[in-house]
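Subject: Structure handover, salt bridges

Hi,

Here is the structure I promised. Please load it, then read my notes below.

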Amino acid sequence: AVSLPAGRTATALALGSYHSCAILDDGSADYWGYNGYGPLGAATLTNSNIPVAVSLPAGRTATALALGWEHSCAILDDGSAHCWGNNYYGQLGDGTNTNSNTPVAVSLPVGRTATALVLGGHHSCAILDDGPTMCWGSNGYGQLGDGTNTNSNTPVAVGLPVGRTATADRK
């Protein structure tokens with residue numbers, strides 16, 4: 001059994017390559033496992049074999065989460081997307097290539113919110129509230145879907161067919 005905080009239950013789980021996460025019934029998020037680049041989001045680089053609380057922005061709770069190779073992301077209750085951990089390829093989406101052991105806001109277009117997130121090894125993608133899909137991070141093989149092979153540390157629009165949008169089942 002995972003040692004969750006006393007009195008808390010998990011409402012969602014996500015698994016990365018070497019770390020795991022649960023959203024708890026109070027909207028907090030706890031991570032455990034490898035933390036070499038800060039994917040646990042607890043303002044430390046220390047690995048943990050028990051859950052540690054993510055340092056979410058004050059007053060915010062997590063509604064969805066996704067984990068990549070050495071980075072993590074969450075959608076918060078206000079629809080913002082925040083990521084943390086390894087940012088070598090710009091996979092945190094904050095306009096930098098600086099690693100962060102605490103959540104940083106993804107540079108979504110002004111007035112837009114995220115409705116779904118999914119992470120690859122070194123890239124991240126979100127479906128936005130108005131339908132488009134945007135990705136950021138490593139793009140050496142065209143995984144951002146923008147028609148280039150250029151990495152991006154901010155979200156770029158995926159080149160979906162004209163008039164089409166992506167959807168995600170959020171059960």
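Asp-77 is partly exposed, at 38% relative accessibility. Keep in mind that the model is predicted. The side chain of Asp-77 forms a salt bridge with that of Arg-60, at 2.7 Å from N to O. Asp-77 sits in the loop between strand 6 (71–76) and strand 7 (81–85), and Arg-60 in the loop between strand 4 (48–53) and strand 5 (62–67), so this pair ties together parts 17 residues apart in sequence. Arg-60 is partly exposed too, with a relative accessible area of 31%.

How many salt bridges does a search of the whole structure find? The count is 6.

Asp-25 and Arg-8 make another one, 2.6 Å from N to O. Asp-25 lies in the loop between strand 2 (19–24) and strand 3 (29–33), while Arg-8 lies in the segment before strand 1 (10–15), so the pair ties together parts that are 17 residues apart in sequence. Asp-25 is partly exposed at 38%. Arg-8 is partly exposed at 31%.

Next, Asp-129 and Arg-112. Their side chains meet in a salt bridge of 2.9 Å, N to O. The pair links distant parts of the chain, 17 residues apart: Asp-129 is in the loop between strand 10 (123–128) and strand 11 (133–137), and Arg-112 in the loop between strand 8 (100–105) and strand 9 (114–119). Asp-129 has 37% relative accessibility and counts as partly exposed. Arg-112 is partly exposed as well, at 30%.

One last item. Arg-8, Asp-25 and Asp-26 belong to one network, joined by salt bridges that share partners.

Best wishes

Key: Residues numbered from 1 in each chain as written. Predicted model: local features only at pLDDT ≥ 70, side-chain atom pairs only at ≥ 80, totals over all residues. Heavy atoms only, no water. Salt bridge = Lys/Arg side-chain N within 4 Å of Asp/Glu carboxyl O. Helix = DSSP H or I, 4+ residues; strand = E, 2+ residues; numbered from the N terminus. Buried < 20%, exposed > 50% of the residue type's maximum accessible area, 1.4 Å probe, protein only.
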